[in-house]
Amino acid sequence: MRIDWHQVYAAIWRSRSQKLKPVVRLDTVRMDELQGIDRQKQAIIENTQHFLEGKTSNHALLWGARGTGKSSLIKALLNEMAPQGLRIIQIDKDDLSFLPEILDELEEESEQFRFIIFCDDLSFEAGESSYKPLKTLLEGGLELPPEHVRLYATSNRRHLLPEKQSENQLSGLVDGEVHYADSLEDKLALSDRFGLTLSFYPANWENYFAIVEKLFADISTDKSQLHEAARLYAMGRGSHSGRTAKQFYQYYRAQF
């Protein structure tokens with residue numbers, strides 16, 4: 001059964017059944033809930049708006065520290081732009097071999113909808129070749145990828161693949177130009193196929209407390225007491241990221 005994209009905003013690829021499963025319960029996160037990443041929000045919104053309007057747009061790689069809002073930004077993007085025809089299909093890294101089949105299926109869909117293929121926490125280990133199907137979407141081969149499909153990925157790694165010091169040592173200057181080692185060149189080539197690359201860095205304490213206050217906006221509590229509880233919770237977790245702030249909210253909400 002084909003998905004009715006008029007009713008469904010997102011789907012997940014299930015490799016066992018080899019079909020798309022409609023997402024029934026979407027994360028309700030909104031753009032205004034995401035604090036401290038205004039530059040990244042503006043860039044991804046602008047790129048996606050161009051995509052929806054049929055203008056030139058890029059595939060996007062969101063990389064950086066864990067818990068900094070990369071995945072939440074994609075979810076918020078869907079919540080904001082689904083009424084304009086944006087749809088998202090999530091696929092796991094281990095299922096990338098099915099990407100050509102998914103693209104074939106989307107080729108038949110009306111261009112009334114615009115699809116983002118979403119790969120969360122995308123990275124590859126040395127020797128892996130499962131990233132190769134990505135090239136089908138990022139650049140195409142003999143057959144160009146559908147114009148109404150883009151790839152958005154998140155990763156903790158800037159270049160998606162691990163980089164070794166030995167590879168950098170094999171690189172050097174030739175006639176004043178940097179020439180990378182062949183192994184490093186291949187890794188750089190993959191990330192270079194993303195026209196929009198956004199970096200995310202750990203939140204400082206000021207941003208962390210701002211996120212906490214936003215989460216607790218509907219609960220009456222002393223701000224200094226809230227900050228102190230949030231600080232102690234973060235110290236116990238060894239992180240004061242946006243993810244930690246949300247976990248603090250979920251854990252302590254019943255106490256306020």
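Helices (H or I, at least four residues) and strands (E, at least two) are DSSP runs, numbered from the N terminus.

## The model

This is a predicted model: local features need pLDDT of at least 70, side-chain atom pairs count only at pLDDT 80 or more, and totals for chains, interfaces and linings use all residues. Residues are numbered from 1 along each chain as its sequence is written, and side-chain values use heavy atoms, with hydrogens and water left out.

## Helix 8 and what follows

Helix 8 spans residues 223–237 and has 15 residues. From its first C-alpha to its last it reaches 21 Å. That is close to the 21 Å expected at 1.5 Å a residue (the expected span is 1.5 Å times one less than the number of residues). Just after helix 8 comes Gly238, with a positive phi of about 75°.

Which residues of helix 8 are buried? They are Leu226, His227, Ala229, Ala230, Tyr233 and Ala234. Buried means under 20% relative accessible area, exposed over 50%, and partly exposed in between (1.4 Å probe, protein chains only). The buried residues of helix 8 pack against helix 7 and helix 9; contact means heavy atoms within 4.5 Å.

Tyr251 is found in helix 9. Tyr251 is exposed, with a relative accessible area of 53%. Tyr251 and Tyr233 are 18 residues apart along the chain, and their C-alpha atoms are separated by 9.7 Å.

Helix 3 covers residues 99–107, and its buried residues are Leu99, Ile102, Leu103 and Leu106. They sit on the same side of helix 3, because their arc around the axis is only 100°. Their packing partners are strand 1, strand 4, strand 5 (114–119), helix 4 (134–138) and strand 6.

Asn47 lies in helix 1 (residues 38–52). Is Asn47 buried or exposed? Asn47 is buried, with a relative accessible area of 8%. Leaving aside neighbours within four places in sequence, Asn47 is in contact with Ser57, Asn58, Tyr152 and Leu196.

## The largest pocket

A pocket is an open set of points on a 1 Å grid over the protein atoms alone, where a 1.4 Å probe fits, with protein on both sides within 12 Å along at least five of seven lines; lining residues have an atom within 4 Å of a point. Grid points are joined across faces, edges and corners, and a volume is the space filled by probe spheres set on the points.

The largest pocket holds about 890 Å³ of space. It is lined by 36 residues, and the closest to its centre are Leu34, Gly69, Ser72, Gly242 and Arg243. Helix 2 (70–81), strand 6 (149–155), helix 7 (205–215) and helix 9 (242–252) each supply at least two lining residues. Helix 9 gives the most, with 6 residues.

## The second largest pocket

About 370 Å³ of space lies in the second largest pocket. Of its 20 lining residues, Val23, Leu26, Asp27, Lys75 and Gln90 are the closest to its centre. Strand 1 (10–14), strand 2 (19–22), helix 2 and strand 4 (86–90) each supply at least two residues of this lining. Helix 2 gives the most, with 5 residues.

How values were computed: The arc is that of the directions from the helix axis to the C-beta atoms.
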